[in-house]
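Subject: Structure handover

Hello,

My notes on what I found follow below it.

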Amino acid sequence: MRLLLVEDDVMLASGIKLGLTDAGYAVDWVGSGERAEEVLHAESFDAAVIDIGLPGMDGLELTRRLRRPEMAHPSMPVLILTARDALHDRVQGLDLGADDYMVKPYELPELLARLRALLRRSQAATTAILGFGPLELDTAHRSVTVRAGPGLIARQPIELGPREWTVLEYLLIHAPKPASKEKLLQALTGWDKEITPNAVEVYVSRLRGKLEPHGVALRSIRGFGYRLELQAPCA
């Protein structure tokens with residue numbers, strides 16, 4: 001998942017970005033509303049975390065503008081961060097298009113939980129569990145399990161690296177539709193990291209080797225990307 005963080009306080013932004021990155025998100029950071037607006041015209045993100053107290057264009061005005069249809073993703077979930085605890089500020093932020101509102105100081109676990117809830121709603125998911133055939137991915141506990149065998153209730157874990165997890169989460173959210181290689185690349189990295197399209201193939205290959213023994217195939221779609229499919233049982 002790719003997030004845009006809009007925060008002018010460098011130390012605070014560094015801490016938030018570190019926490020979000022450790023949680024498995026690809027995070028891009030800008031320090032002003034004007035720069036955020038430029039970026040959001042040109043690129044897509046899965047969600048934005050926006051501080052209200054920005055220099056120049058504040059977070060409320062940025063939120064209003066990013067809901068315009070000419071933006072790359074006008075329905076993107078927005079979580080506002082602010083030191084303002086007045087009721088009218090909260091109401092104004094929500095009325096202008098924010099999906100949620102957190103007052104500083106806040107705890108990182110709550111920020112992560114609120115982001116997960118926003119992302120689930122944006123993908124029309126009502127649970128933290130993403131499933132596909134025998135496969136289950138728990139976004140809250142960051143665990144992946146499969147049924148131990150046909151018809152069995154017991155489950156066994158699958159160990160994934162952080163980027164394998166990101167690829168699988170993106171594929172599961174969009175299953176049974178295919179996911180483009182370009183979107184997977186965006187989900188894996190932000191501006192400050194360089195990952196080539198060939199690297200996506202490496203992570204897909206590793207993931208394929210861990211899923212196929214459990215009946216879940218990761219099919220390549222020539223010239224586009226990848227799709228999860230259930231393998232036919234052996235005769």
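E37 sits in helix 2. This is a predicted model, so please read everything here as computed from it. With a relative accessible area of 11%, E37 is buried, since the cut-off for that class is under 20%. Setting aside neighbours within four places in sequence, E37 is in contact with M57, L62, R65, R68 and M71.

Now the salt bridges. Searching the whole structure turns up 16 of them. Side chains of opposite charge can pair when their charged atoms come close.

Start with R2. R2 makes a salt bridge to D28, and the closest N and O atoms are 2.9 Å apart. That pair ties together distant parts of the chain: R2 belongs to strand 1 (residues 2-6), D28 to strand 2 (residues 26-30), and 26 residues separate them. Both R2 and D28 are buried.

R2 has another partner, E43. Here the closest N and O atoms are 2.6 Å apart. How exposed is E43, and how exposed is R2? E43 has 27% relative accessibility, so it counts as partly exposed. R2 has a relative accessible area of 5%, so it is buried.

E110 and R114 form a salt bridge, 2.9 Å from N to O. Both residues are in helix 5 (residues 108-122), four residues apart, which is about one turn of the helix. E110 is partly exposed at a relative accessible area of 37%. R114 is partly exposed as well, at 26% relative accessibility. Elsewhere, salt bridges with shared partners connect E37, E61, R64, R65 and R68 in one network.

One distance may be handy. V30 lies in strand 2 and counts as buried, at 4% relative accessibility. From V30 to R64 the C-alpha separation is 18 Å, and the two are 34 residues apart along the chain.

On to helix packing. Two packed helices are described by the angle between their axes and the distance between the axes. For helix 7 (residues 181-188) and helix 8 (residues 197-211), the angle is about 85° and the axes are 10 Å apart. Angles from 65 to 115 degrees count as roughly perpendicular, so helix 7 and helix 8 fall in that class.

Which residues meet there? Helix 7 brings K181, L184, L185 and L188, while helix 8 brings P197, V200, E201 and Y203. Sorted by class, this contact of helix 7 with helix 8 has six nonpolar residues, two charged and no polar.

Last, helix 6 (residues 162-174). The buried residues in helix 6 are E164, W165, T166, V167, L168, E169, Y170, L171, L172 and I173.

Best regards

Key. Residues numbered from 1 in each chain as written. Predicted model: local features only at pLDDT ≥ 70, side-chain atom pairs only at ≥ 80, totals over all residues. Heavy atoms only, no water. Salt bridge = Lys/Arg side-chain N within 4 Å of Asp/Glu carboxyl O. Helix = DSSP H or I, 4+ residues; strand = E, 2+ residues; numbered from the N terminus. Buried < 20%, exposed > 50% of the residue type's maximum accessible area, 1.4 Å probe, protein only. Axes fitted to C-alpha atoms, helices over the stretch in contact; angles between N-to-C directions. Parallel < 35°, antiparallel > 145°, perpendicular 65-115°, else oblique. Contact = heavy atoms within 4.5 Å. Nonpolar A, V, L, I, M, F, W, Y, C, P; charged D, E, K, R; others polar.
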